[in-house]
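Keep the sequence and the 3D view at hand while reading.

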Amino acid sequence: MQIHTKEHYDVMEAFEYTFGRKPHYMRMDKEPKDQWARGFVYQNAETDALFKAFRHGVAYGKLAYQE
C-alpha cells in the first residue's frame, strides 16, 4: 500500500476510529509526513507498531478477497 494515497488515509481513519477511542484509547500523534516514507507514522512506538499490523491485516484481507 502506497503512502499519501486515498487508500492509506482510509486505513489510517479506520485504525484511528478503532483504537483512538475508549476502551482502547491510544496516542494518535503523527510524525511529520516526510517521516512516513521511512516507516514512521505515529510518534508513539506501540501505536505505530499496532498500525503496521493493522495495515498488514488490511493487505491480507484484500489478497484473500481476490482469491
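The report goes from the whole chain to single residues.

## The whole chain

This is a predicted model. The chain holds 3 helices and 0 strands. Read from the N terminus, the order of elements is α-α-α. Helix α1 covers residues 6-19, and α2 covers 33-36. Helix α3 spans residues 45-66.

How does the radius of gyration fit a compact globule, and what is its value? The chain has 67 residues, so a compact globule would have a radius of gyration near 11 Å. The value for the chain is 12 Å, which agrees. Along the principal axes, the C-alpha atoms fill a box of roughly 35 × 30 × 20 Å.

Of the 67 residues, 19% count as buried. The accessible surface comes to about 5,000 Å². Carbon and sulfur atoms account for 55% of that surface. Now take contacts between residues at least 6 apart in sequence. Of these, 44% join residues at least 24 apart.

Charges come next. The chain carries 10 positive and 10 negative side chains. The centres of the two sets lie 2 Å apart.

| Residue | Relative accessibility | Class |
|---|---|---|
| Threonine 47 | 0% | buried |
| Aspartate 48 | 4% | buried |
| Histidine 4 | 40% | partly exposed |
| Tyrosine 25 | 58% | exposed |

Threonine 47 is part of helix α3. Why does threonine 47 count as buried? Its relative accessibility is 0%, and buried means under 20%. Which residues does threonine 47 contact, leaving aside neighbours within four places in sequence? They are Phe15, Met26, Arg27, Met28 and Tyr42.

Aspartate 48 also belongs to a helix, namely α3. Aspartate 48 counts as buried because its relative accessibility is 4%. Where does the side chain of aspartate 48 reach? It reaches the backbone nitrogen of valine 41, at 2.9 Å. Residues up to four places away in sequence aside, aspartate 48 touches Gly39, Phe40, Val41 and Tyr42.

## The loop between α1 and α2

Tyrosine 25 sits in the loop between α1 and α2. Is tyrosine 25 buried or exposed? Tyrosine 25 is exposed, because its relative accessible area is 58%. Beyond its neighbours within four places in sequence, tyrosine 25 is in contact with Phe19 and Gly20.

How do tyrosine 25 and threonine 47 compare in sequence and in space, and what separates them? They are 22 residues apart in sequence. From C-alpha to C-alpha, the distance between tyrosine 25 and threonine 47 is 10.0 Å.

Proline 23 is placed in the loop between α1 and α2 too. The peptide bond from lysine 22 to proline 23 is cis. Its omega is near 5°.

Histidine 4 is found in the segment before α1. What is the phi of histidine 4? It is positive, at about 65°, although histidine 4 is not a glycine. Histidine 4 counts as partly exposed, because its relative accessibility is 40%.

Definitions and conventions: Residues are numbered from 1 along each chain as its sequence is written. This is a predicted model: local features need pLDDT of at least 70, side-chain atom pairs count only at pLDDT 80 or more; totals for chains, interfaces and linings use all residues. Side-chain values use heavy atoms; hydrogens and water are left out. Helices (H or I, at least four residues) and strands (E, at least two) are DSSP runs, numbered from the N terminus. The radius of gyration is taken over C-alpha atoms; the globule rule is 2.2 Å times the number of residues to the power 0.38. Buried means under 20% relative accessible area, exposed over 50%, partly exposed in between (1.4 Å probe, protein chains only). Contact means heavy atoms within 4.5 Å. Accessible areas come from the Shrake-Rupley method with a 1.4 Å probe; for residues, only the protein chains shown count as cover. Lys and Arg count as positive and Asp and Glu as negative; His and the chain ends are not counted. The place of a charge is taken as NZ of Lys, CZ of Arg, CG of Asp or CD of Glu. A polar contact is a pair of N or O atoms within 3.5 Å; within protein, one must be able to donate a hydrogen and the other to accept it, and residues adjacent in sequence count only if both atoms are side-chain atoms.
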